[in-house]
Amino acid sequence: HLFIVGDATPGGWNIPVPLPSQRFTRLNSTRFEITLPLTAGKNYLFLPENGSWDKKYGAVDNQAPGVKNGGTLRPEGQDMPSPDATGTYKITVDFINNSYVLVRQ
């Protein structure tokens, strides 16, 4: 499983996160996808276990160019900044190359 948490999400930083709205769909053993509204100017993280801060995933560098549209993940990484515009986004996470990508819907 994979879940999203943070003040950029509808559920905020509260865990466990609301289900099913903040649970990713598993595409295969390494890829996950979710479509949800994100608030601009906020942050989020990915959790492999709903209700637990253990093993959270975040950005390698949350100041890197383009990081608001995706980047490289790492365990215990930094909070990821949301895009500049509030809206609905599809987020795809790929654990083979430790990456995430956001696409506005």
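Colleague: Let's begin with R31: which residue does R31 form a salt bridge with?
Modeller: R31 and its partner have their closest N and O atoms 3.6 Å apart, and a salt bridge needs a side-chain nitrogen of Lys or Arg within 4 Å of a carboxyl oxygen of Asp or Glu. Do keep in mind that this is a predicted model, where local features need pLDDT of at least 70 and side-chain atom pairs count only at pLDDT 80 or more, while totals for chains, interfaces and linings use all residues. Residues are numbered from 1 along each chain as its sequence is written, and side-chain values use heavy atoms, leaving out hydrogens and water. The partner of R31 is D94.

Colleague: How many residues apart in sequence are the parts that R31 and D94 tie together?
Modeller: R31 and D94 form a salt bridge. R31 sits in strand β3 (residues 31-38) and D94 in strand β8 (residues 87-94), so the pair ties together parts separated in sequence by 63 residues. Strands are DSSP runs of E with at least two residues, helices being H or I runs of at least four, and both are numbered from the N terminus, so the labels give chain order.

Colleague: And does D94 count as buried or exposed?
Modeller: Buried means under 20% relative accessible area, exposed over 50% and partly exposed in between (1.4 Å probe, protein chains only). R31 has a relative accessible area of 31% and is partly exposed. D94, at 13% relative accessibility, counts as buried.

Colleague: Which residue forms a salt bridge with K68?
Modeller: A search of the whole structure finds two salt bridges. In the one with K68, the closest N and O atoms are 2.6 Å apart. K68 lies in the loop between β5 (57-59) and β6 (70-75) and its partner in the loop between β7 (80-81) and β8, so the pair ties together parts 16 residues apart in sequence. At 33% relative accessibility K68 is partly exposed, and its salt-bridge partner is D84.

Colleague: What angle lies between the planes of F32 and F95?
Modeller: Rings of Phe, Tyr and Trp (its six-membered ring) pair if their centres lie within 6.5 Å; planes under 30 degrees apart are stacked, over 60 edge-to-face and the rest tilted. The structure holds six aromatic pairs. F32 and F95 lie 5.9 Å apart centre to centre and are edge-to-face, the angle between the planes being 80°.

Colleague: Which residues form one aromatic cluster?
Modeller: F46 and Y100 are both buried. The members that form one aromatic cluster are F24, Y44, F46 and Y100.
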